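Load the model in your viewer and keep the selection panel at hand. The stops below go through a sheet, then a pair of helices.

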There are 2 protein chains.
Amino acid sequence: MAAAYFSLGKADMRAAFEYFVRDMPKSRSFLLFCGLEQALEYLENLKFTDDQIEYLRELQVFRHVSAEFFDYLREFRFTGDVWAMPEGTVFFAPEPALWVEAPIIEAQIVETALLSILNFQTLVASKAARVVIAAGGRPVAEFGTRRAHGAEAAVMAARAAYVAGCPATSNVEAGKRFGIPVVGTMAHSFVMSFDSEREAFKGYLDVFPESAIFLIDTYDTIAAAKLAAEFGEQVVGVRLDSGDIAALAKDVRRILDEAGMRGTKIMASGDLNEYKIDELIKSGAPVDSFGVGTEMATSRDDPSLGGIYKLVEVLEGGRWIPKRKASQNKATLPYRKQVYRIYRDGIADHDYICPHAEEHEGEPLLVKVMDRGRAIYRRTLEDARKRASEQVDALPEPLKDIWKTARYPIRLSPRLEHVDQS
Amino acid sequence: MAAAYFSLGKADMRAAFEYFVRDMPKSRSFLLFCGLEQALEYLENLKFTDDQIEYLRELQVFRHVSAEFFDYLREFRFTGDVWAMPEGTVFFAPEPALWVEAPIIEAQIVETALLSILNFQTLVASKAARVVIAAGGRPVAEFGTRRAHGAEAAVMAARAAYVAGCPATSNVEAGKRFGIPVVGTMAHSFVMSFDSEREAFKGYLDVFPESAIFLIDTYDTIAAAKLAAEFGEQVVGVRLDSGDIAALAKDVRRILDEAGMRGTKIMASGDLNEYKIDELIKSGAPVDSFGVGTEMATSRDDPSLGGIYKLVEVLEGGRWIPKRKASQNKATLPYRKQVYRIYRDGIADHDYICPHAEEHEGEPLLVKVMDRGRAIYRRTLEDARKRASEQVDALPEPLKDIWKTARYPIRLSPRLEHVDQS
């Protein structure tokens with residue numbers, strides 16, 4: 001399409017594209033915007049290397065495309081403006097979380113990468129926020145690397161989970177790259193590589209005298225808990241990874257308490273999600289923290305976010321012309337838009353979506369984050385995490401009920417509803 | 001754990017770990033092994049950089065770990081042997097698709113990366129094989145980049161889909177990196193950026209006179225089909241991306257045929273999966289090819305593969321000792337194992353899993369792929385694709401019915417079932 005815009009002399013037509021979700025996922029009452037930092041990095045650094053251009057040039061499909069197009073790619077830099085919600089902002093369908101205003105060829109070239117960056121981190125952050133809500137203040141460590149969709153997805157899932165409130169990850173690369181606290185415990189294979197569990201526990205404690213968490217379900221959980229009890233209070237925690245966690249946690253707690261190890265924590269893991277965590281807590285299981293992997297890092301119950309990137313306005317003859325798509329069931333709202341959040345007593349009451357230029361009461365959620373290709377609004381990961389926490393706190397209670405899906409009131413400006421333009 | 005093995009003097013203990021899936025996913029009758037090439041690349045190239053080691057050294061948790069461990073990491077190379085099924089091999093739970101034999105510290109360090117590489121590509125290949133079966137010989141293009149879990153996941157999903165039989169991808173990076181044919185069509189925004197659909201189509205055809213596929217659902221599909229018909233046979237295809245595809249395809253086919261455009265193909269896309277494709281074909285919809293995105297690139301109905309990596313044997317005092325884990329519902333089979341596939345009249349009849357050293361009739365599925373850290377068995381992507389095609393062809397018919405889940409017969413060597421060792 002870039003080649004077509006270029007060849008048809010339309011490359012420089014100024015256009016605006018919005019990133020939004022058409023419909024809320026079935027089991028999500030809110031979304032948590034995440035991935036803006038990576039999106040801005042991508043836009044600032046995007047260029048085409050010589051061998052990439054050579055590859056394209058040799059594709060059969062580009063046979064009739066002029067050499068000038070490839071020269072254009074050689075000099076390509078993204079020069080557009082971007083408005084977006086800060087990371088950690090709660091949003092809903094069909095609100096734009098980001099929009100790009102740029103020469104149409106640039107806005108089009110960056111589409112797929114923006115979608116893949118924003119869709120994935122927002123997907124995981126939105127799922128992780130539910131898990132964090134369910135854990136009710138108990139720490140949730142992100143453990144999903146082995147089931148994430150590859151190594152890079154694992155790192156980004158850890159980042160998104162951290163933004164959503166998980167205090168730590170087992171992904172050491174995410175720790176290194178983003179400063180996220182890392183945690184680890186032993187694996188079953190570690191226990192199995194010793195002649196006895198006692199030897200395995202003792203060895204581990206020697207190496208990690210201040211942070212040893214024993215995995216106690218390799219053979220017999222109760223027997224292993226009794227063994228752990230022999231080591232006393234220096235055992236920071238024990239981890240349950242299989243079986244009837246609720247029942248086992250109670251037995252293990254009693255064993256530890258009887259050994260005077262009230263400070264030794266119980267961690268639960270093993271295919272947990274927000275529902276299982278809520279049930280465990282409601283059953284009174286004395287679990288102090290959780291390790292959540294697959295379900296969070298892949299958003300297992302709803303593993304793709306339908307975020308899309310649609311043309312909403314073009315500049316023609318010095319005038320911005322709103323654009324909308326009229327496909328069956330897939331209509332879009334025209335104009336670059338702003339979203340205002342209206343609070344009552346500190347709680348979000350409703351949102352109002354309107355053309356960007358329209359003024360309204362409430363908090364405007366989109367801010368200018370990039371000016372002519374240069375990021376002008378950078379927030380730390382801690383800022384994003386803090387915003388996420390505040391945003392989720394300010395949600396009406398029904399939206400925080402993980403068992404039911406609630407719909408938040410969104411109002412549209414009359415100007416969006418009565419545009420008669422195809 | 002590596003630090004613990006090292007500090008306890010156990011780093012050099014030779015151990016074997018197997019990659020396998022404990023239970024078949026609910027809606028999968030077979031799995032297609034994929035990702036071995038990336039796994040071998042990872043193992044051959046793995047090392048720790050100075051800044052990675054510096055990061056680890058400064059972690060609180062490693063405070064009591066000796067400097068020698070970090071020196072060890074500095075010199076680290078993977079030196080183990082690996083046996084695996086060639087890519088494109090069909091396998092089933094609980095068959096090992098790969099095993100690693102190495103000093104336990106090395107085998108342990110590579111665990112998470114191996115799992116994330118193999119789980120993801122095998123997940124997508126196994127889903128894509130179903131989509132390819134449903135398409136019944138009609139080409140399926142991989143279109144999932146915008147919903148894949150990030151840019152790297154998108155490239156690997158395209159690779160896995162290609163192995164499984166998709167002839168092309170819209171991911172240009174996958175095209176460049178792996179030589180996979182790339183395809184593209186226009187987007188709705190392209191159509192919308194013109195004052196009329198006619199202008200958009202004409203412009204596109206000028207630039208791509210030999211490969212133009214018109215997207216015809218931006219406004220009114222039937223009107224756009226009639227417009228496409230004005231351009232005659234040079235239009236390679238039209239794409240339907242929304243609405244009632246079955247009904248629209250019939251109307252569009254008639255419009256094209258009446259214009260003498262029998263050679264112009266109809267492509268369908270838009271949240272397709274194997275079920276919808278099968279229904280479309282059975283309804284007689286004249287669709288010639290499919291574009292499948294989200295459902296395939298995220299394996300949407302089952303988005304994580306539970307592949308695990310478990311200790312199965314250790315060398316102690318010159319003798320290999322089988323190991324098994326006895327956790328509730330999570331038991332493992334001991335020994336490094338071989339899998340034999342027994343065919344009857346060219347169709348797979350059953351598999352036989354046994355200790356590696358045991359001889360049996362049939363095709364041994366695991367071959368030695370790495371010797372002392374050096375890959376010794378490399379196959380091209382075309383080899384993998386060919387093997388996948390042959391392997392799926394040789395499956396019993398019930399396993400190829402996408403609507404039902406069938407279970408393939410697996411027999412276990414008596415030696416695996418009667419080991420009394422914890």
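In which sense do strand 1 and strand 12 of chain B pair, and over how many bridges? Select residues 14–21 and 307–316 of chain B: the two strands pair in the antiparallel sense over seven bridges. Strands pair if DSSP finds at least two bridges between them; helices (H or I, at least four residues) and strands (E, at least two) are DSSP runs, numbered from the N terminus. Within this pair, pick B:Ala16, whose bridge partner in strand 12 is B:Glu313.

This is a predicted model, where local features need pLDDT of at least 70, side-chain atom pairs count only at pLDDT 80 or more, and totals for chains, interfaces and linings use all residues. Residues are numbered from 1 along each chain as its sequence is written, while chains are lettered from A and ligands numbered from 1 in the order in which they are written.

Now widen the selection to the open sheet of seven strands in chain B, with order 13-12-1-5-3-17-18 and antiparallel pairing. Strand 13 (319–322) and strand 18 (374–375) of chain B are its edges, each pairing on one side only.

Move to chain A and select helix 6 (residues 111–135) and helix 7 (residues 151–163). Their axes come within 8 Å and cross at roughly 45 degrees (lines fitted to C-alpha atoms, for helices over the stretch in contact; angles run from 0 to 180 degrees between N-to-C directions). Among the residues meeting here are A:Phe120 of helix 6 and A:Met156 of helix 7.

Terms used:
Contact = placed C-beta atoms within 7 Å.
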